[in-house]
Amino acid sequence: MICKFPRLPDCLAWPFYTVAARNIFLPILRLFAALMLFAGLFTVPAGAGSAATNQPTVILVVGAAGEPDFSSNFVRQVEHWTNACDRGHAKTICLGLVDNPRGSDHDRLKESLTSQPTENGDPLWLVFIGHGTFDGKEARFNLRGPDVTAAELRDWLQPFRRPLVFIDTTSASAPFLNQLSATNRVIVTATRSGNEQNFARFGLCFADALVNGDSDLDKDGQTSVLEAFLSASTHVAEFYKTGGRLATEHALIDDNGEGLGTPADWFRGVRPIKKPEGSAAVDGARAHQLHLVLSQAEQELPAGIRTKRDALELSIARLRETKAQRSEEEYYRELETLLIQLQQVYGSNL
């Protein structure tokens with residue numbers, strides 16, 4: 001999420017203001033840009049909009065366990081999430097662990113979402129922990145009492161324009177991705193289809209990744225949604241491989257609003273190494289800029305600076321995706337402009 005090179009060196013910045021000097025220094029810029037892009041230092045934002053206060057809200061929803069072994073697993077997930085929320089100074093709401101005489105968990109979930117601001121810039125995280133089912137038409141998250149369907153949740157979340165992270169760690173969860181995918185959202189599901197209905201181990205692995213420093217793949221002092229997704233997927237795959245079992249869950253991540261989802265094996269490190277067919281965009285970059293626990297450097301960055309930086313990094317990421325369709329001169333000219341603007345954003349914070 002952090003641009004590890006906060007501003008261009010003066011020897012690169014000042015010559016861009018004259019045409020003649022720009023022609024001289026353009027080869028230097030190209031080398032600089034290539035190194036930065038190769039290192040993966042530019043990522044995609046959590047979304048622009050209303051000013052953020054750096055305090056996300058996390059709603060943890062624990063479903064019906066059914067068996068004691070599952071219950072203990074769910075409690076461990078909540079413990080990891082609560083730990084991460086405490087470290088990330090998040091507002092935390094937990095549903096489904098204690099009896100509630102006021103009504104069903106279904107109603108409490110709806111009320112909790114209805115009470116949330118829909119427009120501010122702070123991310124809302126919604127996490128499903130438990131079991132899911134799919135009857136061939138409708139996916140459900142199994143709550144104590146009435147279940148919640150993917151269609152219901154889609155309608156409840158329709159008003160939200162703030163950044164949204166939805167993580168469904170349950171079996172048969174993929175149809176939730178198809179229903180909820182939209183702009184300014186990151187969707188993670190434990191399965192790639194509704195037919196993967198065996199118990200999913202992805203949830204505990206994801207929760208553990210949030211508090212495990214080894215999941216910080218780019219070593220920037222914080223674990224992004226993408227990094228937790230990749231780490232959890234790796235551990236799940238190792239579980240099935242080591243046990244000689246046929247894998248019954250394959251997690252997906254979606255952050256471009258196209259509702260297709262991308263599996264973990266499309267990535268090397270945090271960079272995608274495959275592209276979807278046709279004009280579909282690559283998932284993952286935006287998710288790599290959302291963190292529940294921010295690094296110290298990121299916490300110290302003013303929200304306004306972060307928003308401007310994020311918008312520019314989004315433009316750089318989009319430009320990078322079009323490099324093959326552009327001439328070399330056009331590509332580096334546009335990249336030059338964006339890098340200068342990025343330097344100016346950081347320069348205004350010095």
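Does Glu196 count as buried or exposed, and at what relative accessibility? What places Glu196 in its class is a relative accessibility of 10%, at which Glu196 counts as buried. Buried here stands for under 20% relative accessible area, exposed for over 50%, and partly exposed for the range in between, with a 1.4 Å probe and protein chains only.The model is predicted, so local features need pLDDT of at least 70 and side-chain atom pairs count only at pLDDT 80 or more, while totals for chains, interfaces and linings use all residues. Residues are numbered from 1 along each chain as its sequence is written, and side-chain values use heavy atoms, with hydrogens and water left out.

Glu196 forms a salt bridge with the side chain of Arg192, at 3.7 Å from N to O. A salt bridge is defined as a side-chain nitrogen of Lys or Arg within 4 Å of a carboxyl oxygen of Asp or Glu, and by this rule the count comes to 11. In contrast to the buried Glu196, Arg192 counts as exposed, with a relative accessibility of 52%.

Another of these pairs joins Glu321 to Lys275, again with 3.7 Å from N to O. Glu321 belongs to helix H10 (residues 303-321), whereas Lys275 sits in the loop between strand E11 (271-272) and helix H9 (296-299), so the pair ties together parts that are 46 residues apart in sequence. Helices (H or I, at least four residues) and strands (E, at least two) are DSSP runs, numbered from the N terminus. Glu321 is partly exposed at 35% relative accessibility, and Lys275 is exposed at 54%. A salt bridge of 2.7 Å, N to O, connects Arg306 with Glu298, and both of these residues are buried. They also belong to a network of salt bridges that links Glu298, Arg306, Arg309, Asp310 and Glu313.

Attention now turns to helix H3. This helix (residues 68-87) has 20 residues and reaches 29 Å from its first C-alpha to its last, close to the expected 28 Å at 1.5 Å a residue; the expected span is 1.5 Å times one less than the number of residues. Its buried residues are Asn73, Phe74, Gln77, Val78, Trp81, Ala84 and Cys85. They lie on the same side of H3 because they cover an arc of only 140 degrees around the axis, the arc being that of the directions from the helix axis to the C-beta atoms. An α-helix has 3.6 residues a turn, so residues three or four places apart point the same way. The face turned away from the buried side carries the exposed residues Pro68, Asp69, Glu79 and Asp86. Just after H3, His89 takes a positive phi of about 55 degrees.

The cover over the buried residues of H3 includes strands E1 (57-62), E2 (91-95), E3 (124-129) and E7 (164-168), together with helix H7 (202-211); contact means heavy atoms within 4.5 Å.

Strand E7 is itself mostly covered, with 5 of its 5 residues buried. In a regular strand the side chains alternate between the two faces of the sheet. On one side of E7 the buried residues are Leu164, Phe166 and Asp168, and on the other they are Val165 and Ile167. E3 and E7 pair in the parallel sense over 5 bridges, where pairing requires that DSSP find at least two bridges between the strands. Within this pairing, Phe128 has Asp168 of E7 as its bridge partner. E7 is also joined by 5 bridges to strand E8 (residues 185-189), and these two run parallel. Val165 has Val186 of E8 as its bridge partner. From E7 the chain crosses through helix H6 (residues 174-180) to E8 in a right-handed β-α-β crossover: with the strands pointing away from the viewer, the path from the first strand over the helix to the second runs clockwise.
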